[in-house]
Amino acid sequence: MSYLRFEKAVMTNLEESLHREFLRTNRSGAYSASTLVDCNTRKYHGLLVVPIPELDDENHVLLSSLDCTVIQHGAEFNLGLHKYQGNNYSPKGHKYIREFDCDVVPTTLYRVGGVLLKKEVVFHHYEDRILIRYTLVDAHSATTLRFRPFLAFRSVRQFTHENATASREYQEVDNGIKTCMYAGYPDLYMQFNKKNEFIFHPDWYRGVEYPKEQERGYASNEDLYVPGYFEMDIKKGESIIFSASTSAIKTNTLKTLFQKEVEQRVPRDNFYHCLVTAAHQFHNRKANDDRYLLAGYPWFKSRARDTFISLPGLTLAIDEQDYFELVMKTAERGLREFMEGKPLSVKIYEMEQPDVPLWAVWAIQQYARYAGLDKAFEKYGKLLQDIIIFIKDDKHPNLRLDDNGLLYADGRDKAITWMNSTANGKPVVPRSGYIVEFNALWYNAVKFCALMAFEKGDEKGAKVLEDLAVKIKESFVETFLNEYGYLLDYVDGNMMDWSVRPNQIFAVALDYSPLSQEQKKSVLDVCTRELLTPKGLRSLSPKSGGYNPMYVGPQTQRDYAYHQGTAWPWLGGFYMEALLKIYKRTRLSFIERQMVGYEEEMDYHALGTISELFDGNPPFHGRGAMAFAMNVAEILRALKLLEKYTYQK
């Protein structure tokens, strides 16, 4: 029995199948995404979506979808599915689906009368190429397949509409055609491993509708261009492979290439393997061999804070130290360029955010736990030293070290923390001054670097850092701990934010905490009572003013809800780490039950991965991006910690 398998009853019920999405990626940032029934519901969906650096920094939908039609005795059965205006679905090919399985590769089984057709899809690891294998499992008479490609050639943030500018020209290539709708775009090569006939029959399919965009308050209609269709006969037991790419391929290699891609896949046969596969989807390699982690799909790029928070979970937690070092090599270059006031040569956004260097230290700290202090010092000792000096010398444009040892940052007019939603040009949550997680990370960084200095014989340097840590600890408790036993979210002069927010959990979860054991227990208890959900920690307690847990509606409405009660799994990872640090093995069963809430997501929203955020109230519906790196990373890291405590003697 497959771990991710759906029977006919689910697949033919659009209320059940349309909200379930599937994502396939390669290492270049290209992807293929749709719903289980191949009905695109987002403008970001597409069979081949690729970055085109020559145009802009966005991904572009080249091939939106490919409809397959089974022809027998002159009767046509179209297996495609599109939503049009007025809640009309056509041609309703989902009714032929018998089952869907993605244990190894996404596989759909169609039954049309006596015809049993299997479709398998893979995305090439290192090329912008989607491969689809159609196998005629059973048929009682002569069968023909017709393939009709729907083209978009547009940015994921835009729509295409019928126009006279779009080129209808095409050229025949090996077992297929190449075409390009607009200047500046690469050619799209559509090829098969078998000779076929291409019938040029250009037309626009008008009024294709994307309900996910409607839900989000955006425009939701577009027209798609179909240049014609391919036809070929297929015999029982035969497989036909389709390739769509920005480059040509020798079609006699498609069969071998497809099988090679299948063999490289990690089976999604359990929760852990799903997360490992999901972790690899965020890998991104540029032409100059720089390595990155994308913050999420389908619209996120590589962001500095997300990179350092995600890095340990997406690499070390699955025993991939080499990839940690490759990504850190690129990220370190960008961080050093920022600290030295140079233009960035890396494609990592938001390097200027004030907590980024602190998260870099935390990531290296996790590396030290995995690879050892000696190895960490050898590779990153100088970087750690430079970060501490950079912060102590007030060289960051928005990070000031005050006499009390705490870090001050101005976030009144611009969002500077992970709670970064804005409305009308202003932060929705204007966190400013002494920010609780900044200073928890600062204390942790100073203590960790003091340990590194001491271990390497720099007793004088270690003493300076330890003295600073004592000052930070005293000021932290005095500034943030209130009489109700939890931590203020930020303090700016006389302004104190008493909202119960999850940012205080870091003061408990980090290896070095300025809080006493009793204080940590008190903070943890408040987080458990007011913030914990099956999908992570809420961004705001229901008891606090402004609680808005439902991430729905138009953009502005969602901006105001983004960090005002929604639940975030990555925060749940730190919560579970805090729980293990305080209560050790006595909370193992509780954490295992918490993991059930995440495992439920494997077959409900985007298969095998974790959505960006969740509603803060039941039924905790997944929202936002279909896959989010920090969430996958922290669940993997929590699983690693859980394993450590489970087998600890």
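1. Two strands are taken to pair if DSSP finds at least two bridges between them. The model discussed here is predicted. On that criterion strand E12 (residues 129-138) pairs with E19, the two running antiparallel and being joined by seven bridges. Within this pairing Arg-129 stands opposite Ser-245 in E19.

2. E19 has a further partner in strand E16 (residues 188-192), with four bridges in the antiparallel sense. Here Met-190 is placed opposite Ala-244 of E19. Strand E19 itself covers residues 239-245, and six of its seven residues are buried, so the rest of the structure largely encloses it.

3. The next point concerns helix H13. Helix H13 comprises the 14 residues 517-530. At 1.5 Å a residue the helix should span 20 Å, and its end C-alpha atoms are 20 Å apart, which agrees. Its buried residues are Lys-520, Val-523, Leu-524, Val-526, Cys-527 and Glu-530. Viewed down the axis of H13, these buried residues fall within an arc of 155 degrees, so they line one face of the helix.

4. What lies on either side of H13? The face turned away from the buried side carries Glu-518 and Arg-529, both exposed. The cover over the buried residues of H13 includes helix H12 (506-509), strand E30 (532-533), strand E31 (536-538) and helix H15 (569-583).

5. On cysteines, a search of the whole structure returns zero disulfides. For Cys-39 the reason is distance: the closest cysteine sulfur, in Cys-68, is 17 Å from its own sulfur, too far for a bond, because a disulfide requires the two sulfur atoms to be within 2.5 Å. Cys-39 is buried, at a relative accessible area of 0%. Cys-527, in H13, also counts as buried, with 0% relative accessibility.

6. The largest nonpolar core has 217 residues, and Leu-117 and Trp-442 have the most contacts inside it. Helix H10 (residues 436-455) supplies the largest share of this core, with twelve residues. Another core, of nine residues, lies apart from it; Val-122, Leu-131, Leu-254 and Val-262 are among its members.

7. Which residues does Trp-442 touch, leaving out those up to four places away in sequence? The contacts are Leu-358, Ile-388, Ile-391, Lys-392, Leu-401, Gly-405, Leu-407, Leu-468 and Ile-472.

Definitions and conventions: Residues numbered from 1 in each chain as written. Predicted model: local features only at pLDDT ≥ 70, side-chain atom pairs only at ≥ 80, totals over all residues. Heavy atoms only, no water. Buried < 20%, exposed > 50% of the residue type's maximum accessible area, 1.4 Å probe, protein only. Expected span 1.5 Å × (residues − 1). Arc of directions from axis to C-beta. Contact = heavy atoms within 4.5 Å. Core = buried A, V, L, I, M, F, W, Y, C linked by side-chain atoms within 4.5 Å.
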